[in-house]
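Here is my note on the model shown below.

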Amino acid sequence: MKEKVEAAIDKIRPMLQADGGDVELISVENGIVTVRLQGACAGCPMSQMTLKNGIERVLKQQIPEIKAVESA
């Protein structure tokens, strides 16, 4: 499961890096993915929207077993 999540995050990463940010996978447990936003994304007031409407939406589409994505 962790490998699937890493592969999906690698597809999202270029969009985040284009805005000066990045994402690090911390863990995958019981369908809950924990990530840490880095760079410009870490202090951005829109980071929760990026997390839920961007990263979580893409991961759930590609990996139906994912229940939620949370920030570390």
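1. Accessibility terms come first. Buried means under 20% relative accessible area, exposed means over 50%, and partly exposed lies in between (1.4 Å probe, protein chains only). By that scale Lys52 is partly exposed, with a relative accessible area of 32%.

2. Ground rules. This is a predicted model, in which local features need pLDDT of at least 70 and side-chain atom pairs count only at pLDDT 80 or more, while totals for chains, interfaces and linings use all residues. Residues are numbered from 1 along each chain as its sequence is written, and side-chain values use heavy atoms, with hydrogens and water left out.

3. Helix packing. Helices (H or I, at least four residues) and strands (E, at least two) are DSSP runs, numbered from the N terminus. Helix α1 spans residues 2-18 and helix α2 residues 47-62; their axes come within 10 Å and cross at roughly 140°. Axes here are lines fitted to C-alpha atoms, for helices over the stretch in contact, and angles run from 0 to 180 degrees between N-to-C directions. That makes α1 oblique to α2. Oblique is what remains after roughly parallel (under 35 degrees), roughly antiparallel (over 145) and roughly perpendicular (65 to 115).

4. Handedness. The crossing of α1 past α2 is right-handed. The term applies if the near helix is turned clockwise from the far one by less than a right angle, and left-handed if anticlockwise.

5. The α1 and α2 contact. Contact means heavy atoms within 4.5 Å. From α1 come Val5, Ala8, Ile9, Lys11, Ile12 and Leu16; they meet Thr50, Ile55, Val58, Leu59 and Gln62 of α2. By class, this contact has 8 nonpolar, 2 polar and 1 charged residues. Ala, Val, Leu, Ile, Met, Phe, Trp, Tyr, Cys and Pro count as nonpolar, Asp, Glu, Lys and Arg as charged, and the others, Gly among them, as polar.

6. Salt bridges. Side chains of opposite charge can pair when their charged atoms come close. The cut-off used is a side-chain nitrogen of Lys or Arg within 4 Å of a carboxyl oxygen of Asp or Glu. The structure holds 6 such bridges.

7. A bridge across the sequence. Lys4 and Glu65 meet through their side chains in a salt bridge, at 3.9 Å from N to O. Lys4 lies in α1 and Glu65 in the loop between α2 and β3 (68-71), so the pair ties together parts that are 61 residues apart in sequence. Lys4 is partly exposed at 48% relative accessible area. Glu65 is also partly exposed, at 40%.

8. Which residues does Glu56 pair with? Lys52 is one partner, with the closest N and O atoms 3.1 Å apart. Lys60 is another, at 3.8 Å from N to O. Glu56 and Lys52 both lie in α2, 4 residues apart, about one turn of the helix. Lys60 and Glu56 are likewise 4 residues apart in α2, so about one helical turn separates them. Glu56 counts as buried at 11% relative accessibility, whereas Lys60 is partly exposed at 36%.

9. Arg13. A network of salt bridges links Asp10, Arg13 and Asp22. Arg13 sits in α1 and counts as buried at 17% relative accessibility. Leaving aside neighbours within four places in sequence, Arg13 is in contact with Asp22 and Val23. Arg13 and Ile55 are 42 residues apart in sequence, yet 9.3 Å apart in space, C-alpha to C-alpha.

10. Ser27. This residue belongs to strand β1 (residues 21-29). Ser27 counts as buried, at 17% relative accessibility. Not counting residues up to four places away in sequence, Ser27 touches Ile32, Val33 and Thr34.
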